[in-house]
Amino acid sequence: MKKIEAIIKPFKLDELKEGLAELGITGMTISEVKGFGRQKGHTEIYRGAEYVVDFIPKIKVETVVKSDMVDIVLEKIQSSVKTGTIGDGKIFVIPVEKVCRIRTGETDQDAI
């Protein structure tokens with residue numbers, strides 16, 4: 001099993017959710033996060049004053065999938081959220097050793 005974390009632009013969340021649903025991904029966790037990468041933030045003007053926005057609002061999507069689905073899920077995430085501009089985000093794949101569904105006690109493959 002693998003945990004996939006994708007940091008994406010907020011307006012792409014619905015597209016991603018629909019794309020993952022097409023693959024049968026039934027569960028995910030969504031967090032509102034802030035950060036920056038190569039774009040290093042940007043400057044804005046508010047009421048005539050210029051200020052620097054260091055951290056850009058993003059969405060972090062987390063889901064756990066079977067190891068044999070990782071490549072398919074990665075392709076779906078990329079095709080769903082890619083705009084071709086800086087700040088499209090990153091995807092991280094992390095090994096998962098054990099999963100337990102609290103309500104039923106199911107573990108591993110049965111719990112995802």
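1. Let me start with Glu106, which is partly exposed at 31% relative accessibility. Keep in mind that this is a predicted model. The partner of Glu106 is Arg101: the two form a salt bridge, with the closest N and O atoms 2.7 Å apart. Arg101 also counts as partly exposed, at 29% relative accessibility.

2. On the salt bridges in general, the structure holds seven. One to look at is Lys9 with Asp88, where the closest N and O atoms are 3.7 Å apart. Lys9 sits in the loop between strand 1 (2-8) and helix 1 (13-22), while Asp88 sits in the loop between helix 2 (70-81) and strand 6, so this pair ties together parts that are 79 residues apart in sequence. Lys9 is buried, with 14% relative accessibility, and Asp88 is buried too, with a relative accessible area of 17%; the cut-off for buried is under 20%.

3. Lys12 and Glu15 make another salt bridge, their closest N and O atoms being 3.0 Å apart.

4. Helix 2 is worth a careful look. Its twelve residues should span 16 Å at 1.5 Å a residue, and the end C-alpha atoms are 17 Å apart, which agrees.

5. Which residues of helix 2 are buried? They are Val70, Val73, Ile77, Ser80 and Val81. These residues lie on the same side of helix 2, because they cover an arc of only 105° around the axis. As for what covers the buried residues of helix 2, the list includes strand 1, helix 1, strand 5 (56-65) and strand 6.

6. Finally, please have a look at the backbone of Asp108. Its phi is near 50°, a positive value in a residue other than glycine. For context, most residues other than glycine have a negative phi. Asp108 is found in the segment after strand 6 (90-95), and is partly exposed, with a relative accessible area of 24%.

Definitions and conventions: Residues are numbered from 1 along each chain as its sequence is written. This is a predicted model: local features need pLDDT of at least 70, side-chain atom pairs count only at pLDDT 80 or more; totals for chains, interfaces and linings use all residues. Side-chain values use heavy atoms; hydrogens and water are left out. Helices (H or I, at least four residues) and strands (E, at least two) are DSSP runs, numbered from the N terminus. Buried means under 20% relative accessible area, exposed over 50%, partly exposed in between (1.4 Å probe, protein chains only). A salt bridge is a side-chain nitrogen of Lys or Arg within 4 Å of a carboxyl oxygen of Asp or Glu. The expected span of a helix is 1.5 Å times one less than its number of residues. The arc is that of the directions from the helix axis to the C-beta atoms. Contact means heavy atoms within 4.5 Å.
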